[in-house]
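Take a look at the fold first, and then we can go through some of its details together.

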Amino acid sequence: MKTKAAILRQTPGTWETAEVDLEEPRSGELLIRMVASGLCHSDDHLCTGDIPFGIFPVAGGHEGAGVVERVGDSTPGYEVGDHVVMSFLPGCGRCRWCASGMQNLCDLGANLLTGARPDGSYRMSLDGQPVGQMCGISTFAEYSLISVDSAVKVPKDIPLDKACLVGCGVGTGWGSAVNSAKVQPGDTVVVMGIGGIGINAVQGAAHAGASNVIAVDPIELKREKAMEFGATHAVASMEEATALAQSMTNGQGADSAIVTVGVTKGEHVGQAFSAIRKAGTVVVTGLGDLTEVGIPVSIGELTLFQKRIQGSLFGESSPSRDILRLLQMYQDGKLKLDELVTKTYTLDTINQGYKDMHEGLNLRGVLIHNH
Ligand SMILES: NC(=O)c1ccc[n+]([C@@H]2O[C@H](COP(=O)([O-])OP(=O)(O)OC[C@H]3O[C@@H](n4cnc5c(N)ncnc54)[C@H](O)[C@@H]3O)[C@@H](O)[C@H]2O)c1
Ligand SMILES: [Zn+2]
Ligand SMILES: [Zn+2]
């Protein structure tokens, strides 16, 4: 069949709507009619080249939700009409990482940025040439073929245009605070960068019982929004955040600082490192130029103050468990999803969506597929 998709032909580049050829589902695969996709910053890293991708063109998008249109063989538990959230991280359920409760690190993640299936084959093509799939799911396509390992079946009464956000941004931000920073009641937490990820780190830190949640963003709208999601303070710079955290902790510093800056650089991690107390934790969730090496931190401070720098993929969430947990919290009125969506876009206005993200106008822009 044919489907419209936002593809990227080269890097640097922008999204272009194209009609690509899509195969029939093979064993273990689902054909998904995509309903909505969040515009996460990580797809923009493909456009700038900060994250190198295995093949061009690539059909983008990794934060989506949709409806099962057809099922391949060996897809037990799935039927036509099921609602699914795509997890940007597949989970096989059997590898060492899945078996250890670290499904976010599943060995299948090796294929996230190749655009291909584990056996090297592709499911989309354009003029006879293979088209890669971002994270194996391509949620910027109206229809996509995904592995069941990337699907999480969700209750049908949850609106898919909100549920899509738990496929990446919500789990990543919330988990960065709850799982990676291990925020405790009474903590002082700094969140650096209030986009779709950081706003959920704010939400997670508040859920975990932090007494002080200091949101940092140079953009005023982001600071205002952070206060609505549970921040107790919002400032424009890390200098202010560090001074504030110290003033609240008898000079010690924050218990944790979570870095969710859009284009994360070593210097941002260094600033977060200066903001935390002895034996405190810096969580690095943001991504930037993947070839960049080096974080400016004092080895003395690292060793003698016993500080910790912790990377975090999908907020150390396990998709099969946590996507449903977060959606249950949403249904129970404990987790904000509706308020995350600042503006919606269509395939034809997706570049405007990313322009708006860069200008700091959106917590999250969401692409709505109209078919
Ligand atoms: N680790 C993971 O699993 C994972 C998952 C998804 C996204 N990410 C990454 O997380 C990052 C954030 O993504 P997003 O979608 O929230 O991006 P976004 O563009 O929506 O938000 C980034 C925010 O950072 C702010 N910012 C920029 N410079 C700053 C500074 N010096 N101090 C404080 N704030 C600053 C911007 O104003 C913006 O509000 C991206 O790098 C993305 O690729 C990581
Ligand atoms: Zn993402
Ligand atoms: Zn696995």
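## The shell around ligand 1

Domain 1 (2-167 + 337-368) and domain 2 (172-313) each supply at least three residues to the shell around ligand 1; the domain bounds come from an automatic or database domain assignment. Please keep in mind that this is a predicted model, in which local features need pLDDT of at least 70 and side-chain atom pairs count only at pLDDT 80 or more, while totals for chains, interfaces and linings use all residues. Residues are numbered from 1 along each chain as its sequence is written, and chains are lettered from A and ligands numbered from 1 in the order in which they are written.

There are 31 residues around ligand 1, and His-41, Gly-193, Gly-195, Ile-197 and Gly-262 come nearest (a residue is near a molecule if its C-beta atom, placed from the backbone, lies within 6 Å of it). Helix α1 (residues 41-48) gives the most to this shell, with three residues; helices (H or I, at least four residues) and strands (E, at least two) are DSSP runs, numbered from the N terminus. Sorted by class, the shell has 13 nonpolar, 16 polar and two charged residues (Ala, Val, Leu, Ile, Met, Phe, Trp, Tyr, Cys and Pro count as nonpolar, Asp, Glu, Lys and Arg as charged, and the others, Gly among them, as polar).

## Two helix pairs

The axes of helix α7 (residues 238-248) and helix α8 (residues 266-275) come within 9 Å and cross at roughly 15° (axes are lines fitted to C-alpha atoms, for helices over the stretch in contact, and angles run from 0 to 180 degrees between N-to-C directions). That makes α7 roughly parallel to α8, a label for angles under 35 degrees. In this pair, Met-238, Ala-241, Thr-242 and Ala-245 of α7 meet Gln-271, Ser-274 and Ala-275 of α8, where contact requires C-beta atoms, placed from the backbone, within 7 Å. These contact residues divide into four nonpolar, three polar and no charged.

Helix α4 (residues 169-180) and helix α10 (residues 319-331) pack at about 90°, with their axes 10 Å apart. The two are therefore roughly perpendicular, the term for 65 to 115 degrees. Val-170, Gly-171, Trp-174 and Gly-175 of α4 make the contact with Asp-322, Ile-323 and Leu-326 of α10.

## Backbone details in loops

The Thr-11 to Pro-12 peptide bond is cis, with omega near -5°, and Pro-12 is found in the loop between β1 (2-8) and β2 (16-22). The bond from Phe-56 to Pro-57 is also cis, with omega near -5°; Pro-57 lies in the loop between α1 and β4 (58-59).

Methods:
Angles under 35 degrees count as roughly parallel, over 145 as roughly antiparallel, 65 to 115 as roughly perpendicular and the rest as oblique. Two residues are in contact if their C-beta atoms, placed from the backbone, lie within 7 Å.
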